[in-house]
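This briefing goes through a protein chain by topic. Please keep the sequence and the structure at hand while reading.

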Amino acid sequence: LVQVKNKFEGIWRLSKLGVPVHKDPGKDFLGISEGLLDEIAKVLEFPVALMLPQDAFSVFRKSFDARKMLKEPKFVYTVDMDVSKLLSLEPRTWDFISELEPKVGLVEHMPNARVSGDLISIIRDGKKNDTGKMTRENGPNSFSVSEKSYKCPTTRKPKIAVVGSGPSGLFASLVLAELGADVTLIERGQAVEQRGRDIGALVVRRALQVESNFCFGEGGAGTWSDGKLVTRIGRNSGSVLTVMKTLVHFGAPNNILVDGKPHLGTDRLIPLLRNFRQHLQGLGVTIKFGTRVDDLLVEDGHVVGVKVSDSRDKLRFNGQKLGYDGVVLAVGHSARDIYHMLLSHNMVLIPKDFSVGLRIEHPQELMNRIQYSTLATEVCKGRGKVPVADYKVVKYVNGEDGDLPSNSRAPSRSCYSFCMCPGGQVVLTSTNPSELCINGMSFSRRASKWANAALVVSVSTKDFDAHSCHGALAGVEFQREYERRAAIMGGGNFVVPVQTVTDFLENKLSVTSVPPSSYRLGVKAANLHELFPTHITEALQRSISAFDKELPGFISSEALLHGVETRTSSPIQIPRNIDTYESTSLKGLYPVGEGAGYAGGIVSAAVDGMHAGFAVARNFDLYDSCV
Ligand code: FAD
């Protein structure tokens, strides 16, 4: 026994355990079913599955795999095995345990499997273990040691303004407040309660509040969203796990920690944000909703505060000046006025690539059939055994290898589906009545009749040539141009121009009535070829044909393309110091999140805000990284 114990300290991780759908209790079950125990026994080469103690295993990840090449769709598990609990087995089975060996990709010994907590417990435990200051070692991720750029008088707490309450601003505020800064969170939009009413008025009466809408307000752009928590920055990284656990702390269900494609939905995000707000207020954070930052106060090349106005009632406190020791700028990429303001301070902004395109919508049942064939009946509007079908498609189009006509202006581009919302709806994300842009959202059950996704093509600075007179903001003007065109093609009043996929491929106007759409403010048949330059339209056409090969039925007269999707990621980046997160052109300013070009999506924005919070805290001596 001693030998066995010595060999097997810690956790063993078992991967790629596939349980066929008929043997699995379904997508919402995260325990150890008999079907899963059978698969575990197979991988371990243990003769009698039912002899394995269930409590020795816990599900680390569960995803659904319905790829066509499989004999049958299955749930795929990664399971952690605590060998110490296997020692309760009968002594004659110990031989089996002592023969356990790692198998590449299937069984791995994880002697140091990290059990990190949520951000609040990490910071509070760190403070307890230390002399009151967090250190780099007990933080959620390591930072390289940096010079402190600015020291606040030690006699008082540093006063920090965080501008923007999206994921990046919220996580920066949380870290700073937990570490003892005097934080003011300034948000041009409204708290979720009022924001919900404003969005309701938009959807029902077409009344767009330019400061409280799908982009602006508590929780940022991600609140009335699908709440997908997938990220390309490494699902298992310490930072991502910390963010996910913090979301659970504020009310997200535990399954987001295990689900292969975690998502929340708007109905879960709203109460979560209220809890987040109450926690911040409990820490003494001052939250100013309906307050827009219009300018920075700069003295001797150092930001010393902000100029704000009441975003609803300009007469109330227009031009009020508020002093701060540092300003975290977490404004998202729809705050175009902020980019202009930064240029007025001679700040350097660097144009960056992003993507533009259209949003495609299919009936969800069609997508379920395409993805699951006979299993489609198991979906049952989000309450069924298997998840509502989604998809992710990508096509690389290259002008030189014949994919695009040789006379095409297009260099290599990728065309891909983006922000796919199964069981969702298409929503208006304009922040200005003369511009039209859209995105998708859903509720937690994803029970609507529709499946929508953006189909976008990458664009680079070469595409913005015509707008070069706008300098660093050429990409912003490029976005604006197509948003204005879409508004005109829709005929105004936020009506969205649409075309069936089949007509788009044939370049003809959808003359007979167009199929229904989930978009609530109305659609109008248009020829979407008149929207983008030819090379973008061609790239979309070719990609759609390729996607149909992967997902037969994707090209359908029931599939409707909506214009226009432009705000896929930030068109600029605000350069900052890699260690201090301070702007390289203005001291005391910390650009973070998606609007600054450092994130794309809810989780990566939250991670960036969290890291920025630690970096700012370190600069103000609240967090000691020099250990
Ligand atoms: P934002 O969330 O944009 O927050 C910026 C905040 O700053 C806003 O609340 C804004 O009002 C405020 N602000 C701006 N200017 C000022 C100012 N001058 N003064 C004061 N406040 C200001 N991502 C996903 O990962 N999964 C999804 O399912 C998903 N779905 C989406 C659906 C929709 C409809 C939209 C619009 C976006 C979706 N996204 C999704 C993208 C995601 O929301 C963003 O990537 C993320 O919110 C960026 O976070 P952020 O904190 O950087 O900025």
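Gly251 follows helix 8 and has a positive phi, near 120°. The model is a predicted one. The points below start with this helix, then turn to the strands, the nonpolar cores and the domains.

- Helix 8 covers residues 238-249, and its 12 residues should span 16 Å at 1.5 Å a residue.
- The buried residues of helix 8 are Ser239, Val240, Thr242, Val243, Met244, Lys245, Thr246 and Leu247.
- Among the elements that cover these buried residues are helix 5 (119-129) and helix 6 (167-178). Helix 9 (266-282) and helix 16 (602-619) also belong to the cover.

- Strand 9 (residues 291-299) and strand 10 (residues 302-310) run antiparallel and are joined by 8 bridges.
- Within this pair, Leu296 stands opposite Val306 of strand 10.

**Nonpolar cores**

- The largest nonpolar core has 86 residues, and Ile40 and Leu455 touch the most other members.
- Strand 19 (residues 450-459) contributes the most to this core, giving 8 residues.
- Leaving aside residues up to four places away in sequence, Ile40 touches Leu14, Leu17, Leu52, Phe57 and Val79.
- There is a second, separate core of 78 residues, including Ile123, Ala181, Ile186 and Leu473.

**Domains**

- The domain assignment gives domain 1 as 2-110 and domain 3 as 351-565. Domain 2 is assigned as two segments, 157-349 and 574-624.
- Between the C-alpha centres of domain 1 and domain 3 there are 41 Å.
- The contact between these domains takes 6 residues from domain 1 and 7 residues from domain 3.
- On the side of domain 1 that touches domain 3, the residues divide into 4 nonpolar, 1 polar and 1 charged.

Note on methods. Residues are numbered from 1 along each chain as its sequence is written. This is a predicted model: local features need pLDDT of at least 70, side-chain atom pairs count only at pLDDT 80 or more; totals for chains, interfaces and linings use all residues. Two strands pair if DSSP finds at least two bridges between them. Helices (H or I, at least four residues) and strands (E, at least two) are DSSP runs, numbered from the N terminus. A nonpolar core is a set of buried Ala, Val, Leu, Ile, Met, Phe, Trp, Tyr and Cys residues joined through C-beta atoms within 7 Å. A residue is buried if 20 or more other C-beta atoms lie within 10 Å of its own, exposed if 12 or fewer, and partly exposed in between; C-beta atoms are placed from the backbone. Two residues are in contact if their C-beta atoms, placed from the backbone, lie within 7 Å. Domain bounds come from an automatic or database domain assignment. Ala, Val, Leu, Ile, Met, Phe, Trp, Tyr, Cys and Pro count as nonpolar, Asp, Glu, Lys and Arg as charged, and the others, Gly among them, as polar. The expected span of a helix is 1.5 Å times one less than its number of residues.
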